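User: I would like to learn how to read the features of a protein model. Can you take me through them step by step?

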Number of protein chains: 2
Amino acid sequence: MHYKLALVGFGNVGKAFARLLLRKREALERQFGLTFSVTGIATAHHGIAIQPNGIALEDILKLAEQGDLHLEEHSAWPVNSVDDFVRSVPADVLFENSPVNHESGQPAIEYLRVALSRGMHAVTANKGPLVHAYRELTSLAGQVGKRFMFESSVMDGAPIFSLFRGPLPLAELRGFMGILNSCTNLLLERMESGESFEQAVQYAQSIGIAETDPSADIDGWDAAIKVAALSTVLIGVALLPQQVAREGIRGITPQMVQEARQSGKRWKLVCRARREGNSLLAQVKPEQVEATSPLYAIGGTSSYVQFELDTLPGLGIVEGNPGPETTAYGLLADFINAIRGA
Amino acid sequence: MHYKLALVGFGNVGKAFARLLLRKREALERQFGLTFSVTGIATAHHGIAIQPNGIALEDILKLAEQGDLHLEEHSAWPVNSVDDFVRSVPADVLFENSPVNHESGQPAIEYLRVALSRGMHAVTANKGPLVHAYRELTSLAGQVGKRFMFESSVMDGAPIFSLFRGPLPLAELRGFMGILNSCTNLLLERMESGESFEQAVQYAQSIGIAETDPSADIDGWDAAIKVAALSTVLIGVALLPQQVAREGIRGITPQMVQEARQSGKRWKLVCRARREGNSLLAQVKPEQVEATSPLYAIGGTSSYVQFELDTLPGLGIVEGNPGPETTAYGLLADFINAIRGA
């Protein structure tokens, strides 16, 4: 079975995904009988290419590494916009990795909608569409007999959504807690080692963890959107990020961080959601955690979620040392699982 | 689809499994179209019953709770031994929960072998058969088109083996580390709170965590057998418990535990396995861990494993607050996954 793949976004994650596809090419064929070609790549700043016979991925990666990528030079025909790209690329699977839009989930939702309508599987690492259009896109996917997949949108490539689709039959999710935002976790840790808030932010920006405007992380929006995503998909209670009681880390001073440390504690931005009767209580809030909490050891950009199930009272998942490669793996797993119906 | 289930062992896990089957009866039918009857239960000390039309599970559970269970009184015909039971019970799935035999895996291996040969799915919570006969039983299962399942044999019902069968396609396991023996973890924690080794053992025995002869736990055999099981199944390197470098906790005195505690550390019995070239280095050894280690917060009878994959460098799984109910859930998940081929 040969699959034509189209990529929207070719930043760190897109490139890592391309490298992973190349590295796993043989194993994909040997274990799953899958071969692939990448028939299109669309970016915001490096052009767009459609190549029905397959783009030379190794060459494109080399050019990207050299900072010399002009995708339009590799296109079989001119493509005006990402929108046009999604409507015309000849592909079986769309991988959507555009920047997240917390407010509306656009334009990613539209890309995924078009891809599904055209009979493609739609895979995204983007939380926006998940929170703002999970039901619509899942139902559309069902209508066309394809899949809407989003493993990498929460905790990078750690298996969260696939865990609940597969290995946990009949388990009833009552709630969860954890650390879901890498950026604030890193900032708090840097402040523990003596940095000011501004220094910590600068460091996080320098390694690509914080954005130029880091307020979505710092004010707890990213964590809230992830709580909403997990609640919507795993608990089945549609929740918007705005409905999550939210407090970021702006109120946590380096002095508070140091004082906590001296008493053997750490400040963490903790996410919690719990079913109470027919409603769901969800919050994002800084908490001091003790060394005996599983949250204490979650350092740097690692993340953690602990599920309370009727059948397993404390099932925790740690994602340690994440990077673009781990996010890329979530996309690959989604691709394979979409094809094999898992 | 109706399934006839046979149970070997009706101790805490067997009874919890029976209760779980009853509690999930409706959901099993609604979500998976599965109905069931329990056609046989075999125990070492409370008799054996075969009832082709189905045993009245609620009644049996009540009698067991009253300490008044004589299974032979509920049997359609006399059954002389567990061996005879396994050879004659009319069933589609055998759940094997007899006590573990570290040295040979018997008689559990023979029960599972007979069950598979008779065309039944074979499910066990028992590490013995896994370590001593994984390949044979898996291959036999393949020949007869049935499944050999063992989720509950390591970390109770936490999804470990099913995680690698499903959500982690093409991920290559390089090694793992963790805390896999509940009993020693509890003993070390009790010593932290001031108890002597003997007091800690007495406590663990009183709550059913340590056996009358607790040496299999204390000397690291149970941990070693679990390392061997994970290595054999997940890394694909057949390893016997005897091949795991093994040191138990007899050398760890209450004084050492207290000293570690005063310097912010904890003694833990740590399991490690790592592929090095074509060989596998595996060990069980007490280590002092710092508060920044994910092992530090693993308290009481909880357990933890962290996998190093080529695609996910630090994927950790915590099993918190386990009990017979969590082990029972692993058996239920195995049953469902055997039927649906997951």
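This is a predicted model: local features need pLDDT of at least 70, side-chain atom pairs count only at pLDDT 80 or more; totals for chains, interfaces and linings use all residues.

User: What volume does the largest cavity have?

Analyst: About 50 Å³.

User: Which residues line the largest cavity?

Analyst: From chain A come A:Pro294, A:Ala297, A:Ile298, A:Tyr304 and A:Val318. From chain B come B:Pro294, B:Ile298, B:Tyr304 and B:Val318. Now sort them by class. The lining has 9 nonpolar residues, no polar and no charged ones.

User: And the second largest cavity: how is its lining divided by class?

Analyst: Into 5 nonpolar, 3 polar and 1 charged residues. The volume of this second largest cavity is about 30 Å³. Helix α13 (residues 324–340) of chain A gives the largest share of the lining, 3 residues. Chain B takes part too, with B:Pro167 and B:Leu168.

User: Next, the contact between the chains. How many residues does each chain bring?

Analyst: Chain A brings 47 residues, and chain B brings 47 residues. Then look at area. The two chains bury about 3500 Å² between them, with 64% of it on carbon and sulfur atoms. On the chain B side, B:Pro169, B:Leu170 and B:Tyr329 supply 21% of the area buried against chain A.

User: How do I describe two packed helices?

Analyst: Give the angle between their axes and the distance between the axes. Here is a case. In chain B, helix α1 (residues 12–23) packs with helix α3 (residues 57–65) at an angle of about 145°. Their axes are 10 Å apart. The crossing of α1(B) and α3(B) is left-handed.

User: Which residues of α1(B) and α3(B) meet?

Analyst: On α1(B), they are B:Lys15, B:Ala18, B:Arg19 and B:Leu22. On α3(B), they are B:Leu57, B:Glu58, B:Leu61, B:Ala64 and B:Glu65. By class, this contact has 5 nonpolar, no polar and 4 charged residues.

User: Where is B:Met155 found, and what is its phi?

Analyst: B:Met155 lies in the loop between β6 (148–149) and α7 (161–165) of chain B. Its phi is positive, about 55°, although B:Met155 is not a glycine.

Methods. Residues are numbered from 1 along each chain as its sequence is written. Chains are lettered from A and ligands numbered from 1 in the order in which they are written. Side-chain values use heavy atoms; hydrogens and water are left out. On a 1 Å grid over the protein atoms alone, a cavity is a set of points where a 1.4 Å probe fits but cannot get out, and a pocket is an open set with protein on both sides within 12 Å along at least five of seven lines; lining residues have an atom within 4 Å of a point. Grid points are joined across faces, edges and corners, and a volume is the space filled by probe spheres set on the points. Ala, Val, Leu, Ile, Met, Phe, Trp, Tyr, Cys and Pro count as nonpolar, Asp, Glu, Lys and Arg as charged, and the others, Gly among them, as polar. Helices (H or I, at least four residues) and strands (E, at least two) are DSSP runs, numbered from the N terminus. Axes are lines fitted to C-alpha atoms, for helices over the stretch in contact, and angles run from 0 to 180 degrees between N-to-C directions. A crossing is left-handed if the near helix is turned anticlockwise from the far one by less than a right angle, and right-handed if clockwise. Contact means heavy atoms within 4.5 Å. Buried area is the accessible area (1.4 Å probe) that two parts lose on being put together, summed over both.
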